[in-house]
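Reader: Could you take me through how the chains of this model are arranged, and then through a few points of backbone geometry?

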2 protein chains.
Amino acid sequence: MPQVLISEVGPRDGLQSVKATMPTEHKLRWIDALHAAGLREIEVASFVPARLLPQMADAAEVVRHAITLPGLVVMALVPNRKGAQAALDAGVHKLTMPVSASPAHSLANVRKTPTEMVEEVRAISELRRELAPQVRLEAGISTAFGCTLQGLVAEDDVIRLAVQCVEAGADDVGLSDTVGYANPAQVRRLFRRLRAEIGVHAGAAHMHNTRGLGIANCLAAFDEGVRTFDASLGGLGGCPYAPGASGNVVTEDLVFMFEAMGVSTGIDLDKLLAARAPLAAGLPGEPVYGMTAEAGLPKGFAPTTSTQQQA
Amino acid sequence: MPQVLISEVGPRDGLQSVKATMPTEHKLRWIDALHAAGLREIEVASFVPARLLPQMADAAEVVRHAITLPGLVVMALVPNRKGAQAALDAGVHKLTMPVSASPAHSLANVRKTPTEMVEEVRAISELRRELAPQVRLEAGISTAFGCTLQGLVAEDDVIRLAVQCVEAGADDVGLSDTVGYANPAQVRRLFRRLRAEIGVHAGAAHMHNTRGLGIANCLAAFDEGVRTFDASLGGLGGCPYAPGASGNVVTEDLVFMFEAMGVSTGIDLDKLLAARAPLAAGLPGEPVYGMTAEAGLPKGFAPTTSTQQQA
């Protein structure tokens with residue numbers, strides 16, 4: 001069993017943030033490559049109206065392919081009940097909902113207040129219980145570490161919202177640094193409080209590298225016991241409705257850190273680096289980031305997760 | 001008093017790694033801007049033969065200017081006794097010597113084995129005692145976390161070399177990730193051992209961001225009690241004699257991390273970002289890195305070190 005779960009968000013978070021639309025065929029090839037590298041949770045799509053996010057118009061088709069991959073937890077973002085219905089119809093294993101701690105960002109992102117979004121969590125939790133009780137429901141608290149619209153976000157607001165999401169039926173509640181404002185001291189403080197308040201429901205760390213601290217913030221979260229980390233291959237992504245949000249943590253660099261530390265991810269680094277090719281092929285001209293990919297693995301590097309272990 | 005000391009290495013480590021030579025006048029303006037931002041230790045030059053490193057031919061002139069800046073500790077790299085003599089003549093406050101834990105890198109870098117370099121430390125320590133006993137002597141253990149030539153570097157070799165440097169007269173011994181191989185677990189382990197072995201002589205962390213872990217490694221070192229961090233404005237630098245070495249930790253991002261965490265650096269972030277202008281002006285066309293500079297400071301950001309505190 002890997003010691004940490006890397007949850008790849010590129011096919012949703014990444015692809016919805018770029019102007020171009022990756023053709024479906026390329027998406028499937030990219031997801032196949034991610035799965036082949038050992039990723040076991042991938043956020044593959046967002047179920048939103050195609051007129052708002054044409055990049056996600058093929059969400060159902062992508063999900064229907066992804067669920068055929070053995071051992072993969074297929075996750076989709078849903079902002080509301082209608083999206084959840086469509087995602088469940090397509091057969092997802094896990095729903096994730098963006099619940100922003102900043103009212104300004106919440107209104108810009110989903111046209112609902114944080115309190116209204118908690119009610120959406122409740123409605124979707126009930127829908128899930130009726131239609132597909134085995135499906136997991138995650139709430140990601142956006143702008144948990146600050147907001148480009150509002151500025152500071154009170155830690156009490158974040159924790160209260162997380163508790164409300166659990167009460168409304170969310171299985172996991174993660175914290176997202178949507179705009180790259182977080183620092184390691186804050187990450188430690190907030191995840192410690194989150195764990196104290198909601199225990200086993202405390203979920204993933206979703207960090208951005210906007211100001212260069214993404215990986216350090218993941219380390220800080222790991223130190224506090226977080227074991228699920230969102231990341232995006234090639235650092236693709238951000239939030240189109242949060243000005244200045246850019247730079248998801250680069251999956252390759254994060255996996256390199258954990259494997260180098262002796263913390264197993266279940267991911268084969270060489271195959272993960274190879275998964276950059278279908279990403280680049282599907283989005284010609286789009287910049288793809290990552291320091292490990294550029295520098296290569298260290299001489300004599302021995303990851304905890306080898307190809308043999310995978311086999 | 002600042003809680004951490006950021007030791008700026010750009011004018012030496014950075015400038016000797018690029019092809020172009022920054023004109024002396026520009027170096028002085030850049031160092032002035034770094035000092036104005038609150039930096040209180042700057043490695044301003046390397047005393048090596050100008051035919052080997054023409055970028056450093058004006059070392060003495062740069063030192064003579066830098067020592068006029070109030071409160072600044074002026075440091076220079078010296079590979080041997082002759083360089084040390086010249087640096088002391090110019091009036092430096094601190095000497096730093098590269099002592100590589102990898103014999104292959106040591107020979108490539110200074111054409112001496114690690115053991116021979118310890119003897120250089122002893123010779124320079126004695127010279128310093130005769131000529132300028134108030135001058136501080138630092139040994140930086142290069143390739144302490146791995147080497148692109150040798151691969152793995154035994155931790156026992158690193159610690160033994162550090163102890164030998166202290167016995168030879170070094171006041172401080174730091175650990176350098178010359179080629180960007182380090183990971184946070186290794187950083188914690190090695191600095192813990194270093195402190196256990198040489199106590200107050202344990203010195204700076206010199207990290208590279210070659211594989212994206214530079215800032216996380218600084219955080220790991222901070223957690224272990226390290227309070228001096230080398231960094232380079234705009235991430236300039238590397239080592240010309242270590243293939244694949246690139247990307248010093250970016251001063252701006254590191255200062256942002258500490259200030260955001262509430263750890264004072266004594267550095268004014270706005271003025272630090274402004275110090276990128278004279279760097280860029282002196283090295284036209286050279287890429288300058290840094291995420292914080294690109295993204296800007298967070299809305300509502302309140303650093304621990306304000307302009308008023310500086311005044």
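**Chain arrangement and backbone**

Author: In this predicted model, 100% of the interface residues of chain A are also interface residues in chain B, so the copies meet through the same surface.

Reader: Which helix of chain A supplies the largest share of the side that touches chain B?
Author: The contact involves 32 residues of chain A and 32 residues of chain B. On the chain A side, helix 8 (184-198), helix 9 (214-223), helix 10 (251-261) and helix 13 (291-295) each supply at least two residues, and by class that side has 17 nonpolar, 12 polar and 3 charged residues. The largest share, 5 residues, comes from helix 10.

Reader: What C-alpha of chain A is nearest the axis that relates the copies?
Author: Chain A is superposed on chain B, with an RMSD of 0.0 Å, by a rotation of 180 degrees with 0.0 Å of shift along its axis. The two copies are thus related as by a two-fold rotation axis. In chain A, the C-alpha nearest that axis, 2.0 Å from it, is that of A216(A).

Reader: Is T143(A) buried or exposed?
Author: T143(A) lies in the loop between strand 5 (136-142) and helix 7 (155-167) of chain A, and its phi is near 50 degrees, a positive value in a residue other than glycine. A residue with 20 or more other C-beta atoms within 10 Å is buried, and because T143(A) has 32 such neighbours, it counts as buried.

Reader: Where in chain A is R111(A) placed?
Author: Phi of R111(A), a residue other than glycine, has a positive value near 55 degrees. R111(A) is exposed, with 11 other C-beta atoms within 10 Å. Its place is in the loop between helix 5 (103-110) and helix 6 (114-131).

Methods:
Residues numbered from 1 in each chain as written. Chains lettered and ligands numbered in written order. Predicted model: local features only at pLDDT ≥ 70, side-chain atom pairs only at ≥ 80, totals over all residues. Contact = placed C-beta atoms within 7 Å. Helix = DSSP H or I, 4+ residues; strand = E, 2+ residues; numbered from the N terminus. Nonpolar A, V, L, I, M, F, W, Y, C, P; charged D, E, K, R; others polar. Least-squares fit on C-alpha atoms with pLDDT ≥ 70 in both. Buried ≥ 20, exposed ≤ 12 C-beta atoms within 10 Å, placed from the backbone.
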